[in-house]
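Thanks for coming. Today I will talk about cavities, and I will keep it short. Please have a look at the model first.

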Amino acid sequence: MSKAVASLSTASALPESVPRRTPLFSRAAVNFRPAALVYRVVSLAIILTGVIRHSDILTGQPAWTTLLFYTMVSNLLCLAWVLLLLVRTVGDLRQRGRFGTSTPSARGSGAVMFAITVTMLIYLIVLVPSRFADGDAEIFSLTDNLIHIITPVLVIVDWLVFVPKGSFRWIDPLLWTLLPYVYLTWAFVYGALGGEFTPGQAYPYPFMDVGVLGVAGVAQWIIALTVALVAVGFVFVIIDRILGSLARRFVRH
């Protein structure tokens, strides 16, 4: 009898003594920190390259006015966020091992992803057509691609692959618009007070040119862009919730 009890107690102790490994694809994310670490190191290097090239820091004549544009603001936000992800991943690797995900906040990843998606969509929808019309030969240059397209794609892929799904809320797309609207408010105030984004230009983007479009025209642009961008935000939420639901069903089965 005592041997049976001892064997039972030993058997019950085994699961506790053996560390449980996180399933590789649980919560619709790749739960393998070395892969996340490599991806985030490469992403950080690429995003930093875009920021450096766009600001001309290495030329000895930095273009500080680039800091006035939402493009640079959103790229710097991505740079800081990916650096934070990288630090978190390294720390988790040391403390928790190879398996699992590393992010300070899944919803935070969504907010940063939305912020840089705004940059990409404004570039493709507004800036590219206007620059083509002006005969701009540098459209889709390496620097333009880095800061407007490649960085957004890197951040979106990081969320798709390495961030747990199922955390987004239906209110999130509206909350995510706060950063763009804070920038819009600041830009209008800055221009109204005599600030210039480029010599002789008191607005950062063509759809904000009150002198040409009028207040009503600018308002229409902002409303249309807001609707489009919030719709994209809801697409992110839908994808998040679908992937999260599928991952939970996979775990149950």
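**Cavities in the model**

I start with the second largest cavity, whose lining is made up of Trp-81, Val-82, Leu-85, Ser-109, Val-155, Asp-158 and Trp-159. Two or more of these lining residues come from each of the elements α3 and α5, the latter running over 142-162. Please keep in mind that this is a predicted model. The volume of this second largest cavity is about 40 Å³. By residue type, its lining has five nonpolar members, one polar and one charged.

How many cavities of 30 Å³ or more are there? The count is three.

Now to the largest cavity. Its volume comes to about 280 Å³. There are 21 residues in the lining, and Val-118, Ile-122, Pro-180, Phe-207 and Leu-229 are the closest to the centre of the cavity.

Which helix supplies the largest share of that lining? It is α4, with six residues. The elements that each give at least two residues to the lining of the largest cavity are α3 (70-96), α4 (106-133), α7 (178-192) and α8 (210-252). So much for where the lining comes from.

Next, the residue types. The lining of the largest cavity has 16 nonpolar residues and five polar ones, and no charged residue.

Note on methods:
Residues are numbered from 1 along each chain as its sequence is written. This is a predicted model: local features need pLDDT of at least 70, side-chain atom pairs count only at pLDDT 80 or more; totals for chains, interfaces and linings use all residues. Side-chain values use heavy atoms; hydrogens and water are left out. On a 1 Å grid over the protein atoms alone, a cavity is a set of points where a 1.4 Å probe fits but cannot get out, and a pocket is an open set with protein on both sides within 12 Å along at least five of seven lines; lining residues have an atom within 4 Å of a point. Grid points are joined across faces, edges and corners, and a volume is the space filled by probe spheres set on the points. Helices (H or I, at least four residues) and strands (E, at least two) are DSSP runs, numbered from the N terminus. Ala, Val, Leu, Ile, Met, Phe, Trp, Tyr, Cys and Pro count as nonpolar, Asp, Glu, Lys and Arg as charged, and the others, Gly among them, as polar.
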